[in-house]
Amino acid sequence: MYLRILGKSGHKIYMFTQINFFEKCSFSKMVNKSLDTAIEEYVPRSVRIQEPIRKLETLREMGFRGLDDLIDLIAKEHIQFPILTNAHYASLLDKDDPEDPLRKIVIPTEEEILRYVRRQGQFDTSGERTNTQAPGLQHKYAPTAIALVNALCASYCRFCFRKRIFMGDEEFYSTGRFPNKEAIRYLQDHREINTLLLTGGDAFMLDNDTVRSLTGILSDPSLDHIRTVRFGTRMVVYQPQRIDDELGQILQDFRDTTGKRVMVGTHVNHPREVTPETKDAFEHLLDHKIALYNQTVLLKGINDDPAVLYELFDKKLAFNDNRPYYLFHDRPVSGSEHMQVRLDDGLHIYSEVAKRMTGPHKPRYVMSTKGGKMEIDSMHPTKPNVIILKYHSAKDMSLTGKAVFYDLRENNPFWYEPTVA
Ligand code: SF4
């Protein structure tokens, strides 16, 4: 669409190939005209999910045991309960063991199905509805915006805090899809935003041509204040073959032509999820000098064990040049409350892992609440039931860095919910 070259002075100059530079109109109008056209012409296309599995009956036919009660329950309730995994991830699961940690990630419990039927529980634990400023665009912390580029994943995590997107009920509103003109205008108008996180769904469910178009739109000079672009993905686990060399090259070109920092935030929860194909996926990005960082959700019965987390953080991530950046406390999302650990238990598990990790690879243990992202810091030195939480990023910026003393005997020991104006 346009070329970015360096002028004699070293300043970047933009050449829009489809625009006559001698037209008597202002540069900014030309930019917007070109950008609007690019947005109008943007057609999101998804990669194919390889051998998708959308029914528990299919897993049963593949030899998975322990599914009969769930299948009967779904039939009895006469519902289409959204389930999705695929051949690659299913190959990692233990067919014989219903308590297999990886099975719990993609196979629901009876409780989740019943809560879905009764419409019980929370589907927006982070306040995303109120943070949405334009279709598909959220702005919670001043420097960072979040763009939802699709509603698709290659498997569904039962604890997903955006499960409203795939649960297919109008009640679980949709926030629209980025990019669109309104969202781009918002970004142009908010010069304080220096970081854009592209997520969904999964950012890399978009095919390579779409990622190329998207990066083209984000290369517009009117968005130069966005210095860092992060892509959020779990494809490295669910369909690692999708992360190919061409994708790495597209991201590298985006970085090289715009000077933006381009990062990929992966989501890996268990060492068994890191297969040879996953390592190849990391390498396709690292070969193109794309920085990797990882987020892990602390999940009861899945990875709430210091030995498991250490193996993941140290051997599977850090030693493959993927920085284990955040350990997230699990949110109380409808139907997955049983996956939460107590805050004090979580802190104990985290501390055991952290003391074995070297500085740059030591993750932060955080929780993302409606009021902001809070670091789960320490137990009070003299009050055994009081945990200290600190605002890492706050919606109300004046709270950033402030500590909260939270008494676990008098409050919900699994989650802290700040009062938000
Ligand atoms: S991959 Fe991410 S967005 Fe998709 S279901 Fe899992 S947690 Fe949710």
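Predicted model: local features only at pLDDT ≥ 70, side-chain atom pairs only at ≥ 80, totals over all residues.
**Entry: the ligand.** With that cut-off I looked up the residues around the ligand, and they are C153, Y156, C157, C160, R162, G201, D202, R234 and H267.

Entry: Next I followed the strands. I found an open sheet of 12 strands with mixed pairing, in the order β5-β6-β7-β8-β9-β10-β11-β12-β13-β14-β15-β16. Its edge strands are β5 (132–134) and β16 (403–407), and each of them pairs on one side only. From one strand to the next, the twist averages 30 degrees.

I then zoomed in on β5. It pairs with β6 (residues 137–141) in the antiparallel sense, over 2 bridges. For T132, I found the bridge partner Q138 in β6.

**Entry: helices on the sheet.** Helix α8 (residues 181–189) lies across β5, β6 and β7 (144–148), and runs at about 105 degrees to β5. Helix α14 (residues 343–354) also packs on the sheet, where the strands it touches include β13 (364–368) and β14 (372–379); its direction makes about 75 degrees with that of β14.

**Entry: two helices together.** How do α13 and α14 cross? The axes of α13 (residues 306–317) and α14 come within 9 Å and cross at roughly 45 degrees, so the two helices are oblique to each other. I noted the crossing as right-handed. From α13, the residues P306, L309, Y310 and F313 meet I349, E352 and V353 of α14. I sorted this contact too: 6 nonpolar, no polar and 1 charged.

Methods: Residues numbered from 1 in each chain as written. Pairing = 2+ DSSP bridges. Helix = DSSP H or I, 4+ residues; strand = E, 2+ residues; numbered from the N terminus. Axes fitted to C-alpha atoms, helices over the stretch in contact; angles between N-to-C directions. Contact = placed C-beta atoms within 7 Å. Near = placed C-beta within 6 Å. Parallel < 35°, antiparallel > 145°, perpendicular 65-115°, else oblique. Left-handed = near helix turned anticlockwise from the far one by under 90°. Nonpolar A, V, L, I, M, F, W, Y, C, P; charged D, E, K, R; others polar.
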